[in-house]
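Work through the exercises below with the structure open. Each task is followed by a solution in steps.

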Amino acid sequence: MAYIDNILFALLLVAGTVLFVRNVRKVRRNILLGREVNRSDNKPERWRTMIRVALGQSKMTTRPVAAIMHLFVYVGFVIINIEVVEIIIDGLFGTHRILGFLGPLYSFLIASFEILAFLVVLGCVVFLIRRNVLKLKRFMSNDLNGWPRSDANYILIVEILLMSAFFMMNAADYRLQQLSFDHYTVMPESAFPISSLLAGLYGNASPDALVMAERFCWWFHIIGILAFLNYLPYSKHFHILLAFPNTFFSNLRAKGAFTNPENVMVEVKAILDPSFTPPPPPETPMRFGAKDVQDLNWKQLLDAYTCTECGRCTSACPANNTGKLLSPRKIMMDTRDRLTEVGENIDKNKGVFTDDGKSLLGDYITAEELWACTSCNACVQECPVNIDPLSIIIDLRRYLVMEQSAAPNELNMMFTNIENNGAPWQFSPADRLNWATEA
Amino acid sequence: MADFAARGETPEILFWVGCAGSFDDRARKITKAIVRILNHVGMKFAVLGTEESCTGDPAKRAGNEFLFQMQAMNNITVLNGYGVTKIVTGCPHCFNTIKNEYPELGGSYEVIHHTQLVQQLIDSGKLKVEGGEFKGKKITFHDPCYLGRANGEYEAPRRVIEKLDAALSEMKRSRANGFCCGAGGAQMFKEAEKGNKEVNVERSEEALELQPDVIAVGCPFCMTMMTDGVKHFNKEDNTKVLDVAELIVQANDL
Ligand code: SF4
Ligand code: SF4
C-alpha cells in the first residue's frame, strides 16, 4: 500500500506523456501534408531570428501593456516549470521537497517562483479584463465567435488555478513547518513571500487537514500541468511551443518578394524557349495555386498551427479596417480548422485522405475575402510569431485565376491589356515615350 | 537605350519608367521630374522607350502567374540583350518586382528606387538642394508598402525631405506601421469589395489630421489614391500631393 501514490503518479506521468507525443505526431503528420519548401538555408540568421522573435519577443513591444503582461506570464510559466522537475522526482520516489538540501539557494528559488507566480496571476487577470470587461476590439471580432473565445478564457483561468494551487500548497507546507510537523523541515519565512500571507486562510486547521490540503494542491498542480500539456495541441496556446520552430523557419527574403512557382516556370519556358526540354511531368500534376490545405506548403501549415489568434494582423489590415470581409487572422484560423478536419479524415480512413467534397477555398475562405487584399504586408509585419497570411491569400488567388479563370471582370480586362499592350491600361505601346516630347 | 547601343556606348543607369509613369497624366509629371534631376546632375541615363513593357506586378499580385512570368521573361530578354546592370525605377512596384522576383527568372540587376537615387546624389554632393518654396512648410510622407515594409526602405525619402528645411511631420501610422493607400495587390484596377469606407479615404483623413502643406509620396499609385482622398475632403487648395522628386525639382527650379 505504501507505494500506491508513487505507482499512480508514474502511471499518470506516462499516460500524459504518451498522449502528448501521439498528439504532436499527428500535428506533425498534418503539417507535412503540405508541399515542399526550402527553409533550411542560412542557419545562423535563422537562429538569430528565433532568439530575437520567439525567445526575446521582439515583435510584442509595439503594444507595451500587452508586452509586459505577456512577458510576466511567459517568463513565469517557463521558470516555474523548473519546479516540475522536483515534483516529478518527489512523485516517483515519495520524497518531499527533494531539492531542499540546497538550503538557502532552495529558499531563494521557491521565493522567486512565488513572485513569478504572482506576476503570472496578475498578467492573466489583466488579460481576462482586457478580453471580457474592456472588450478590446480585436478580441470582439466575429473571427473569435464560439470556441476560440472560450479557449482563450479557459487557458487564462486554468493558469490562475494552477498558480493558486501552487500558493495554497506552499501555504499549507509553511503552516506545517511552523508546527514542526513530521517531515516538514523548517524553511525561512522569506522563502514564502506570497504564501506566508495566505497561510491565515487555513485558520486553525489541524495538521492532518493541512497535510490533506498540501497533498490535494500538489496533485492538482501536477495533474493540471499534464492536462494542460494535452490541451495544447487543440488550442491556440500551442504557440508557446510552436513559436520557436515557426520563427526559425521564417521567410528570410524581402517581404515583397513573392514566389515564382516552379510548375508555372516550366510551362512559360516551354512556350518562350523552343530549345527548353521540360522535366518529366510528375505523377500527379501539381495544381496551379492552392485550393485546399494540401496545396499549401508545410510552412504555411505550421503557421496555421502557430497562430495565437491575437488579431494584431487583422487590426492592421487596411481591408478589415475599412469594413471589408477580409481578416488575415481568419485566414489562419480557417487554414488550421480545415487542416484539422483533413487530419481527422485521414485517421478515420486508415491513413488515406478520402475526398469529402470540401476544400479550404469555398467552404472556409470565400473569393470576396481574397479579392479585398491590397498585398500591403501589414499583417506579416505585425505578427509576433512571423506568420505570413498574405502568402496563403496569394496562393488561393492563383488557383482562382489560373485553374478557374474566376478573377473579377475588371482584373480580366487588366490581364488582357497587359497581354495586348504591355500595360494594365488600354494604351498603345507606341505611345510609351510620349512624355519625353511633352514640355 | 537603342540609341546608346547603336553608338556603342553604355549608359550609367537605365531609368525604368513604368506603365503609370508612361501613360498616366499625373504620373508623367513625376517621370519628367526624375528626368530633370538626372539631367541636372549630368548622369548618362537611358530609357527602353517602346521596348519597355509592364513588369507584370499587377498580374502577379492578382494571381496570374503565367502572365507575370511571360512579361518578366520578355523584359529580361530585352534587359539582358542590352547588358543592363543598373536600374532606377520611378515606381516601388516595378522596383520590388525587378529587384526581388526577376533574379530567379534570369534577370539580376542592381535596382534602386528614385528616392534612393536622389538621396545618393545629395550625399555624394552631386545634387545641391535648397528648401525654396517648401522651407518651413509642413510635409508628411506616406510610405509606399512596396518600398517600406516590402523592402525595408523608410529613410531615403525622409532624408531627402529633411534637406528641404521643411517640418517633416509623421502620421500616427508610419514606417513599418504605415497604412496602405488602397491601390496595391491589383486593387488599382478594380472596384473595392463591399465595406464601410474606401482605404484611400481612411488614409487621406489620417494625413489631413496633421493639416500638412504637402503630402509627399513615392509611388504613382499612392499619388492617385492620395490625390483622390484629398479631393474627397475638398482640401486640395490647402494640401498638395507631390512626389519626392517633384519636391526637389520645384524647390530648386530644376
Ligand atoms: S496584406 Fe492583405 S491581408 Fe495582409 S494586412 Fe494587407 S490587405 Fe490585409
Ligand atoms: S497571424 Fe499572427 S498576428 Fe495574426 S492572429 Fe495569428 S498570431 Fe496574431
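**Exercise 1: the shell around ligand 2**

Helices α13 (312-316) and α15 (328-348) of chain A each supply at least two residues of the shell around ligand 2. Keep in mind throughout that this is a predicted model.

Task: State how many residues surround ligand 2, which are the closest, and how the shell divides by class.

Solution.
1. Ligand 2 is surrounded by 13 residues.
2. The closest are C307(A), C310(A), G311(A), C313(A) and C383(A).
3. By class, the shell around ligand 2 holds eight nonpolar, two polar and three charged residues.

**Exercise 2: a helix pair in chain A**

Task: Describe how helix α5 (residues 104-132) of chain A packs with helix α7 (residues 147-178) of chain A.

Solution.
1. The angle between α5(A) and α7(A) is about 150 degrees, and their axes lie 9 Å apart.
2. Angles over 145 degrees count as roughly antiparallel, so α5(A) is roughly antiparallel to α7(A).
3. The contact of α5(A) with α7(A) is made up of 17 nonpolar, three polar and three charged residues.
4. As for handedness, α5(A) and α7(A) make a left-handed crossing.

**Exercise 3: the second largest pocket**

Task: Give the volume of the second largest pocket, then say which residues and helices line it.

Solution.
1. The volume of the second largest pocket is about 960 Å³.
2. Its lining has 35 residues, and those closest to the centre of the pocket are H70(A), Y74(A), H237(A), H239(A) and I240(A).
3. Helices of chain A that each supply at least two lining residues include α2 (43-55), α3 (64-80), α9 (207-231) and α10 (239-248). The pair from Exercise 2, α5 and α7, is also among them, as is α6 (137-140).
4. The most comes from α3(A), which gives six residues to this lining.
5. The lining of the second largest pocket divides into 23 nonpolar, six polar and six charged residues.

**Exercise 4: cavities**

Task: Count the cavities of 30 Å³ or more and describe the largest cavity.

Solution.
1. There are nine cavities of 30 Å³ or more.
2. The largest cavity holds about 190 Å³ of space.
3. Lining the largest cavity are 24 residues, of which D57(B), P58(B), C91(B), H93(B) and F221(B) are the closest to its centre.
4. In chain B, α2 (19-23), α4 (57-61), α6 (92-101) and α10 (220-232) give two or more residues to this lining.
5. The lining of the largest cavity consists of 16 nonpolar, six polar and two charged residues.

Technical notes: Residues numbered from 1 in each chain as written. Chains lettered and ligands numbered in written order. Predicted model: local features only at pLDDT ≥ 70, side-chain atom pairs only at ≥ 80, totals over all residues. Heavy atoms only, no water. Near = heavy atom within 4 Å. Helix = DSSP H or I, 4+ residues; strand = E, 2+ residues; numbered from the N terminus. Nonpolar A, V, L, I, M, F, W, Y, C, P; charged D, E, K, R; others polar. Axes fitted to C-alpha atoms, helices over the stretch in contact; angles between N-to-C directions. Parallel < 35°, antiparallel > 145°, perpendicular 65-115°, else oblique. Left-handed = near helix turned anticlockwise from the far one by under 90°. 1 Å grid on protein atoms, 1.4 Å probe; cavity = no way out; pocket = protein on both sides within 12 Å on 5 of 7 lines; lining within 4 Å. Points joined across faces, edges and corners; volume = space filled by probe spheres on them.
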